[in-house]
Amino acid sequence: DVFGREFWIQGEGVYPVAVVRFGIGDCLPAGMNIQSFSATIRPASEHASLPSTKPKVTLERVGSGADIGTGFEVLATANEWTTTVSGYQESHIIETAPSTPVPILGNYNHQLVVYGEGGDNSKTGLQILSIAIVLTF
């Protein structure tokens, strides 16, 4: 963008592999708790209707030494919430607060994973603008 920040853009024909994994385990000491998490996205314009598979954000725990793409446990999911095309195409936040705070365990890695849109009516060009995590001790 104009401020020199980087952001991810979903390319042509990449769903369901349109996944961006943000490793957060190295940043978080064991004993902290994740209270909530979110991603700010900007979908492509010119959707005729909502995509059949909308974006989502997951919080995942990966065992030490496991493959981050296959050896993970989904701890919480934030689903796309918009119900209109015009609302969907605006920049917006997908967020959730798990019913129980998620503890950071020392023998695991943790990651936020943003899944792009797919299926009927999907478009290329979805952007991930930012991610956020709320923590407590």
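Gln35 is partly exposed, with a relative accessible area of 26%; buried stands for under 20% relative accessible area, exposed for over 50%, and partly exposed for values in between, computed with a 1.4 Å probe on protein chains only. Gln35 belongs to strand S3. In sequence Gln35 and Val102 are 67 residues apart, while the distance in space from C-alpha to C-alpha is 6.8 Å. The model is predicted, and for this reason local features need pLDDT of at least 70, side-chain atom pairs count only at pLDDT 80 or more, and totals for chains, interfaces and linings use all residues. Residues are numbered from 1 along each chain as its sequence is written, and side-chain values use heavy atoms, with hydrogens and water left out.

The chain contains 1 helix and 9 strands. Helices (H or I, at least four residues) and strands (E, at least two) are DSSP runs, numbered from the N terminus. Along the sequence these elements follow the pattern β-β-β-β-β-α-β-β-β-β. The chain has 137 residues, of which 35% count as buried.

Strands of a sheet pair through backbone hydrogen bonds, either parallel or antiparallel. In this model, 4 strands form an open sheet with antiparallel pairing, in the order S2-S8-S4-S5; two strands count as paired if DSSP finds at least two bridges between them. Strand S2 (19-23) and strand S5 (72-79) are the edge strands, and each of them pairs on one side only. From one strand to the next, the twist averages 25 degrees.

Val57 has Val114 in S8 as its bridge partner, and Arg61 stands opposite His110 in S8. Of the 8 residues of S8, 6 are buried, so this strand is largely enclosed by the rest of the structure.

Gln111 is located in strand S8, which covers residues 108-115. Gln111 counts as buried because its relative accessibility is 4%. The side chain of Gln111 makes a polar contact of 2.8 Å with the side chain of Glu60. A polar contact is a pair of N or O atoms within 3.5 Å; within protein, one atom must be able to donate a hydrogen and the other to accept it, and residues adjacent in sequence count only if both atoms are side-chain atoms.

In soluble globular proteins, nonpolar side chains tend to be buried together. The largest nonpolar core of this model has 20 residues, and those touching the most other members are Ile24, Ile34, Phe37, Val57, Leu59 and Leu112. Such a core is a set of buried Ala, Val, Leu, Ile, Met, Phe, Trp, Tyr and Cys residues joined through side-chain atoms within 4.5 Å. At least two residues of this core come from each of S3, S4, S5 and S8. The strand that gives the most is S3, with 4 residues.

Ala48 is found in the loop between strand S3 (33-42) and strand S4 (56-63), and counts as exposed at 74% relative accessibility. Ala48 and Lys123 are 9.9 Å apart in space, C-alpha to C-alpha, and 75 residues apart in sequence. Glu46 is found in the loop between S3 and S4 and counts as exposed at 67% relative accessibility. Although Glu46 is not a glycine, it has a positive phi of about 70 degrees. Asn121, in the loop between S8 and strand S9 (127-136), has a phi near 70 degrees, a positive value in a residue other than glycine. At 35% relative accessibility, Asn121 counts as partly exposed.

Technical notes. Axes fitted to C-alpha atoms, helices over the stretch in contact; angles between N-to-C directions.
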